[in-house]
Number of protein chains: 4
Amino acid sequence: MKLKAVLLNCTLKRSPAVSNTQALMDIVIGHLQSLDVECETLRVVDYNIPFGVESDLGEGDEWPQILEKILAADILIVGMSIWFGVRCSVAQMVIERLDGTYDSTNDVGQYPMYNKVGGVVVTGNEDGAHACAETTLFNLSHLGFTIPPNADTYWVGDAGPGPSFIDAGGETHPYTLKTAGWMAHNVVHLARILKESPIPPEGNTVPKPAAAAASDMRGREKRMASPVSESA
Amino acid sequence: MKLKAVLLNCTLKRSPAVSNTQALMDIVIGHLQSLDVECETLRVVDYNIPFGVESDLGEGDEWPQILEKILAADILIVGMSIWFGVRCSVAQMVIERLDGTYDSTNDVGQYPMYNKVGGVVVTGNEDGAHACAETTLFNLSHLGFTIPPNADTYWVGDAGPGPSFIDAGGETHPYTLKTAGWMAHNVVHLARILKESPIPPEGNTVPKPAAAAASDMRGREKRMASPVSESA
Amino acid sequence: MKLKAVLLNCTLKRSPAVSNTQALMDIVIGHLQSLDVECETLRVVDYNIPFGVESDLGEGDEWPQILEKILAADILIVGMSIWFGVRCSVAQMVIERLDGTYDSTNDVGQYPMYNKVGGVVVTGNEDGAHACAETTLFNLSHLGFTIPPNADTYWVGDAGPGPSFIDAGGETHPYTLKTAGWMAHNVVHLARILKESPIPPEGNTVPKPAAAAASDMRGREKRMASPVSESA
Amino acid sequence: MKLKAVLLNCTLKRSPAVSNTQALMDIVIGHLQSLDVECETLRVVDYNIPFGVESDLGEGDEWPQILEKILAADILIVGMSIWFGVRCSVAQMVIERLDGTYDSTNDVGQYPMYNKVGGVVVTGNEDGAHACAETTLFNLSHLGFTIPPNADTYWVGDAGPGPSFIDAGGETHPYTLKTAGWMAHNVVHLARILKESPIPPEGNTVPKPAAAAASDMRGREKRMASPVSESA
């Protein structure tokens with residue numbers, strides 16, 4: 001059965017501006033397609049995504065259509081740029097919107113992202129790729145994604161400001177190319193294994209009464225916080 | 001001479017939703033006012049702030065009016081909520097927009113934020129306050145702010161989801177109250193000292209030719225990246 | 001076939017001092033044993049482990065015997081305490097020593113930790129569990145471990161100093177108990193799946209010439225850096 | 001009055017191995033000496049420093065002699081290498097040992113590190129300098145240090161393994177040289193200002209009864225945890 005991957009480009013730049021992150025994501029997509037994975041890329045900033053932590057904030061919110069694609073996919077790759085040493089605001093916003101999935105479960109009572117696989121692509125002029133990748137992969141694992149070995153690929157230049165991925169010739173950088181291939185192969189390997197042998201709903205389902213209570217509490221809090229929900 | 005403080009509330013929630021972060025910021029403001037500091041609070045999400053890294057992105061961008069207030073202030077306090085263990089997207093967006101100040105200098109050739117003092121306020125249901133504070137204070141120090149001792153105050157509950165600052169009675173939490181007072185006093189002490197004895201422009205000015213070159217490079221990159229500029 | 005788990009307690013305290021981290025690790029061990037996993041716990045600080053980044057530093061180095069156990073196990077759980085908002089020094093030292101495994105491969109040419117599963121246990125008086133878990137799980141994924149969903153469990157108190165896990169009654173904390181069960185079940189599920197369907201050596205093997213070159217370079221550098229090797 | 005600086009090199013490598021971090025620290029020392037600052041460098045790993053969080057762990061503990069030098073200095077510079085994207089274990093160990101200073105105060109009742117200034121030097125083959133600097137500068141600010149603008153200097157290469165600072169010619173890297181000068185000048189400027197106008201003991205002293213209570217609690221916990229004290 002053909003695997004599906006959704007790739008979210010969290011660059012700060014709207015289309016049609018050239019995105020360095022997309023250039024590295026395209027290398028990953030090349031690998032995924034060679035492994036017979038159906039790929040769909042979305043540039044998040046081109047959509048109207050309000051800040052918040054629910055799956056549907058109403059009023060023109062275009063997150064639900066992105067979430068629907070993620071729910072239908074086997075693999076989620078989050079691409080992002082580094083700003084000030086950490087992941088950019090659009091990537092953080094995407095993770096915050098995924099918080100809404102904690103309020104529902106899959107058919108067997110686990111978080112909806114169980115049995116999906118996550119990976120990360122990072123580009124920046126310099127320093128910060130580990131910080132971006134570690135925070136994002138950890139957040140994905142909390143949401144239910146499985147993280148394969150070497151689930152990230154990144155390019156950064158040396159210390160200080162400098163040219164970006166494309167101008168710097170990052171597309172031929174041996175380490176970046178190697179890890180792009182590793183991550184693509186490993187997300188596919190794990191997605192295949194999980195499709196054949198899904199994680200059984202044993203000891204990892206959302207406790208019903210607690211879930212209901214939590215949901216009520218969250219719901220209450222979110223209602224209090226309307227129009228945009230947030231607890232803090 | 002009276003000191004001025006600008007406090008940016010980076011909650012995800014638009015007015016008039018109740019903001020837990022604001023509740024803790026108000027405690028800090030109480031201290032600052034008792035120390036004769038003029039305070040102005042802005043809730044960032046109520047403004048139209050596009051993603052980007054320049055000081056003016058045109059077309060309805062309301063960041064310039066916020067930046068103008070920061071430039072006129074002696075103290076900047078950034079308030080934020082924790083989401084997924086790190087600072088929220090709105091706080092990250094604010095820091096990204098401050099990147100634009102690297103393209104200019106103060107009268108003596110230092111970054112424009114030199115001789116200003118920074119502090120941080122964090123609230124969250126649980127875990128992540130150190131991460132929010134450390135990233136933000138470090139970013140502020142890179143931008144030119146001085147960071148006094150104990151320049152942060154925060155409240156978080158214990159492990160896992162739970163009530164937020166106001167509902168949890170955080171406003172009477174001894175550690176949070178103590179550190180709110182410490183940070184308020186220390187940002188004021190440092191701001192006063194720096195007003196009397198500004199950091200001299202020795203060994204810390206933006207090198208002119210390099211600055212021009214950097215500016216040109218950045219400018220080129222930003223133009224390439226238009227409409228929203230970003231290097232990665 | 002029976003699975004084996006190695007659990008490293010990275011507390012700063014030597015035996016026989018009571019370790020709060022061990023108390024939470026014991027809850028995880030209870031789950032693992034009920035799932036028929038053979039468990040072995042080591043308190044790292046009781047061994048003589050010099051600082052460094054090679055698998056054997058000679059002269060009384062007891063890391064090789066710990067590494068041997070990790071290599072023979074299917075699951076590695078790293079337990080640690082939080083100090084100053086991040087993972088403690090002993091946990092960092094353990095990760096540094098695992099750097100030495102990059103210099104070898106398994107039988108099919110992947111990093112030696114491929115097809116093993118990683119998890120994390122964190123305790124602290126307050127704030128920092130996400131930082132500890134995210135850094136450690138990411139490092140493990142780079143080394144070759146697969147990270148299942150919800151691969152961490154932690155306990156922290158609310159803001160500021162306070163009692164530790166045992167004194168605070170953390171052993172009955174619903175969120176911590178729930179996540180301890182989730183992580184135990186999920187590391188086992190993934191270890192079983194990977195035992196049946198190991199990640200094939202396709203697109204993720206250490207490139208031979210590059211590996212040799214890298215190994216040479218690292219070797220050279222390590223020799224230069226003797227007696228304790230480190231590149232920076 | 002002549003300022004004193006203590007510089008701690010937290011490399012993993014014992015003397016006489018060449019330390020890349022020291023090479024960058026030496027550049028900073030050159031600036032400090034030109035500004036008439038008396039400098040003393042210690043390579044921490046050459047001393048016998050047990051893991052722990054008290055100022056004196058007895059039994060051959062050599063931390064007290066290092067702490068004494070820090071207490072007598074106006075400026076503390078912490079040099080460190082990056083391993084796995086974060087600060088190395090020796091740097092983390094140093095920060096943990098500084099936890100012991102929370103149990104005492106200066107003459108006016110503030111933390112002993114008040115009116116001292118902190119800075120950071122980082123080297124690594126690649127990525128992670130921001131993470132090292134931000135965690136360390138934040139920890140120092142919590143301990144009582146003031147953090148000037150641009151209080152860090154670092155060198156890293158581009159993505160992936162590669163040569164270290166010295167071999168890579170980092171000693172002529174424009175960004176690293178510029179920031180080394182900035183940080184040296186700014187720690188000196190701030191140390192001078194704070195010597196002339198110390199932060200007054202207003203709103204930032206350790207509350208006596210609470211301090212005694214906290215000290216008792218910590219003491220109790222530390223005694224429980226003996227021989228090496230730690231709370232988690």
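Q: In this predicted model, which residue does the side chain of K195(A) meet in a salt bridge?
A: The rule asks for a side-chain nitrogen of Lys or Arg within 4 Å of a carboxyl oxygen of Asp or Glu, and the pair in question has an N to O distance of 2.6 Å. K195(A) belongs to helix 5 (residues 174-196) of chain A, while its partner sits in the loop between helix 2 (63-72) and strand 3 (75-83) of chain A, 121 residues apart. The partner of K195(A) is D74(A).

Q: How many salt bridges are counted between chain A and chain D?
A: Over all chains, the count comes to 16 salt bridges. For the pairing of chain A with chain D, however, the count is zero.

Q: What relation do chain A and chain D have to each other?
A: Chain A can be laid on chain D with an RMSD of 0.0 Å by a turn of 180°, with a shift of 0.0 Å along the axis. That is therefore the relation of a two-fold axis.

Q: What percentage of the contact residues of chain A recur in chain D?
A: The contact takes 18 residues from chain A and 18 residues from chain D. The same surface serves both copies, and the share of the contact residues of chain A that recur in chain D is 100%.

Q: Which residues in chain A lose the most area to chain D?
A: Between them, chain A and chain D bury about 1400 Å², with 54% of this area on carbon and sulfur atoms. On the side of chain A, three residues together account for 40% of what that side buries, and these are D127(A), H130(A) and A159(A).

Q: How is helix 4 of chain B oriented to helix 4 of chain D?
A: The axes of helix 4 (residues 129-143) of chain B and helix 4 (residues 129-143) of chain D come within 9 Å and cross at roughly 100°. Angles of 65 to 115 degrees fall in one class, so helix 4 of chain B is, to helix 4 of chain D, roughly perpendicular.

Q: How many residues of the contact of helix 2 of chain B with helix 3 of chain B are charged?
A: The axes of helix 2 (residues 63-72) of chain B and helix 3 (residues 89-98) of chain B come within 11 Å and cross at roughly 75°. W63(B), L67(B) and I70(B) of helix 2 of chain B make the contact with V94(B), R97(B) and L98(B) of helix 3 of chain B. These residues divide into five nonpolar, no polar and, for the charged class, one.

Definitions and conventions:
Residues numbered from 1 in each chain as written. Chains lettered and ligands numbered in written order. Predicted model: local features only at pLDDT ≥ 70, side-chain atom pairs only at ≥ 80, totals over all residues. Heavy atoms only, no water. Least-squares fit on C-alpha atoms with pLDDT ≥ 70 in both. Contact = heavy atoms within 4.5 Å. Axes fitted to C-alpha atoms, helices over the stretch in contact; angles between N-to-C directions. Helix = DSSP H or I, 4+ residues; strand = E, 2+ residues; numbered from the N terminus. Nonpolar A, V, L, I, M, F, W, Y, C, P; charged D, E, K, R; others polar. Parallel < 35°, antiparallel > 145°, perpendicular 65-115°, else oblique. Buried area = accessible area lost by both parts, 1.4 Å probe.
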